[in-house]
Amino acid sequence: MTRAVVLGGGLAGVLTAAVLAGHADEVVLVEGDRYPSGPHPRRGLPQSHHSHVLVAGGARALDALLPGTVDALLANGAHLRGLPGDALIYSADGWFHRLHTDAHLISCTRGLLDQVVRRRALGGGDVEVWEDTRALGLTGDAARITGVAVSRQGAPPETVRADLVVDATGRRSRSPRWLAGIGAGEVEEVSVATGLAYATRLYQAPGDLAATIPAIMLHPGVEKGRPARGATLFPVEDGRWIVTLTGTRGGEPPTDEQGFTAFARSLRHPIVADLMAEATPLGVVRPYRDTVNRRRFFERTRLPAGFAVVGDAAVAVNPIHSHGMSVAALGALRLCEELARHGIGPSLFAGLQAALAAEAERSWRMAIEQDTEQSTAQDTEQDTAQDTAQDTAQSTAQDTAQDTAQDTARAREQDIARAGKRTGERTRDQAGDRDTARAGEQDTARAGNWDTERACRDHAPRREPNAFEREIRTRLAQAKLSSPRLAADFFGAQTLICADAATDRSEIARVLTGPPEPLLTAEEAIAQHPALAAWRRTRFTAATG
């Protein structure tokens with residue numbers, strides 16, 4: 001008789017237990033809290049009051065594991081928004097056009113999502129749930145885990161025998177300490193600080209906009225010498241909106257009423273502040289500060305047989321990227337595939353942790369690259385005048401080597417055109433080669449690529465792009481605002497449904513060689529969403545009498 005024990009009853013743990021129920025004779029789910037009776041925040045989940053979205057890759061995985069779950073979420077009031085088709089997005093490069101892609105997100109409160117998933121995953125009675133139970137440590141040795149020590153509702157410790165123990169206890173996992181206690185190898189850990197903080201509040205939306213509002217995202221702009229600040233507004237169930245304000249070091253959003261409102265009003269565009277003013281606040285402003293990207297490389301450790309780690313306990317990225325729940329679902333789906341192939345036994349244990357880590361790799365890379373770039377940009381903007389002068393001199397020298405002295409601007413355009421033509425030529429010569437295709441954008445927009453993980457760990461300096469590279473990056477970044485093909489690649493990567501962004505080399509060639517598309521104004525961007533535009537017109541008319 002095989003028994004599996006899952007530690008942690010959050011989303012990752014519940015999905016893992018549901019998967020194991022199809023392969024083990026007995027599954028025990030150990031949860032330190034008591035589940036709420038309804039779709040309410042869970043005490044043991046620090047960010048339960050904050051914004052949560054399920055991106056397309058995670059939604060697909062969830063439905064593959066528990067068919068019909070996405071429909072159940074939508075039936076209970078969750079909202080599906082296409083990206084960028086059903087979203088108003090103001091990026092650092094400009095406003096996005098409304099473009100149809102396969103990328104999307106599902107927004108609802110975390111309480112609703114957890115309740116719907118728990119009912120569908122645990123309702124059949126195949127998983128025995130032990131609430132109010134603390135996991136105290138692993139039993140066994142460096143070669144084999146034989147069970148776990150627990151305390152049920154404050155009772156003396158007891159040992160639960162298990163053929164497989166899975167840690168799904170999240171960011172606060174104590175597995176490295178537990179493994180050390182039984183003589184297993186040390187677990188390598190990497191942390192990448194973000195300097196980001198955010199604060200969240202729920203609002204009762206006005207009836208005419210409650211369900212029709214697009215997802216709204218105001219990304220931080222490039223403001224020299226100032227912290228990066230932004231906001232999101234997502235519709236959730238019961239006619240409510242959830243608003244999150246973000247800020248980096250020195251620009252953290254306040255949690256008092258007046259400060260929270262003033263912060264929203266000071267952003268690059270007032271749309272979120274205007275909508276907040278029309279809605280009714282529900283509850284207090286809730287801050288959150290634990291946004292460090294943290295990865296424990298269990299797959300690099302000689303783990304004892306019969307043990308695995310899933311979800312945030314292994315790879316936890318900055319919550320602002322909205323990948324945590326989706327990566328948990330993708331990991332559970334990969335576990336299901338590995339179990340179908342190997343069953344619970346030695347052949348499963350040999351490669352399981354590496355397989356689970358592979359499902360989190362895209363999200364991890366994306367998060368640390370974006371967060372490190374943001375942090376580097378902020379630090380650079382605060383450099384001394386001497387450093388700025390040195391950078392300028394270096395860029396000027398590099399530009400001179402690439403451009404003619406007679407007409408720098410014209411030569412730069414020629415360089416851009418040549419870069420695009422080279423990209424197009426590679427497309428014809430090497431079509432079908434995925435690695436080479438991916439190099440298309442890297443050759444231009446990411447020249448001088450570096451090992452982000454190692455640089456973050458060792459504090460290695462990052463080579464700054466020169467003026468030519470910056471111009472190529474800017475052209476590509478602005479092109480994705482209006483190019484359906486580049487937007488599909490970009491949002492496909494962001495929502496974990498494709499491997500990487502900007503792999504369409506022929507489209508890259510087109511945007512680099514052709515005239516740039518004009519950027520949308522704020523009014524043009526808002527006018528793409530008729531209900532929102534009509535509300536703004538009505539509001540303006542009322543304000544002007």
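How many residues lie between β9 and β10 in the hairpin that they form? There are four residues between these two strands. The model is predicted: local features need pLDDT of at least 70, side-chain atom pairs count only at pLDDT 80 or more, and totals for chains, interfaces and linings use all residues. Residues are numbered from 1 along each chain as its sequence is written, and side-chain values use heavy atoms, with hydrogens and water left out.

The chain has 18 helices and 21 strands. These are DSSP runs numbered from the N terminus, with helices (H or I) of at least four residues and strands (E) of at least two. Of the 545 residues, 53% are buried (under 20% relative accessible area, with exposed over 50% and partly exposed in between; 1.4 Å probe, protein chains only). The accessible surface comes to about 23600 Å² (Shrake-Rupley method, 1.4 Å probe; for residues, only the protein chains shown count as cover). Carbon and sulfur atoms account for 50% of this surface. Contacts (heavy atoms within 4.5 Å) were taken between residues at least 6 apart in sequence; 74% of them join residues at least 24 apart.

Strand β10 covers residues 145-152, and six of its eight residues are buried. Strands pair if DSSP finds at least two bridges between them. Strand β9 (residues 133-140) pairs with β10 in the antiparallel sense over seven bridges. Here T139 stands opposite G147 of β10. On β11 (residues 158-161), four bridges join the strand to β10, again antiparallel. G147 stands opposite R161 in β11. The hairpin of β10 and β11 has five residues between the strands, and Q153 takes a positive phi near 50°.

Aromatic pairs were assigned to rings of Phe, Tyr and Trp (its six-membered ring) with centres within 6.5 Å; planes under 30 degrees apart are stacked, over 60 edge-to-face, and the rest tilted. The count is five aromatic pairs. F96 and F490 are stacked because their ring centres lie 6.3 Å apart and their planes meet at 20°. This pair links distant parts of the chain, 394 residues apart: F96 is in the loop between β6 (94-95) and β7 (104-108), F490 in helix α15 (residues 484-494). F490 also pairs edge-to-face with F491, at 5.0 Å centre to centre and 80° between the planes. F96 is buried at 2% relative accessible area, and F491 is buried at 6%.

Charges also sit over rings (NZ of Lys or CZ of Arg within 6 Å of the ring centre and within 35 degrees of the ring normal). R300 places its charged end over the ring of F297, 3.8 Å from the centre. R229 lies over the face of F263, at 5.2 Å from the ring centre.
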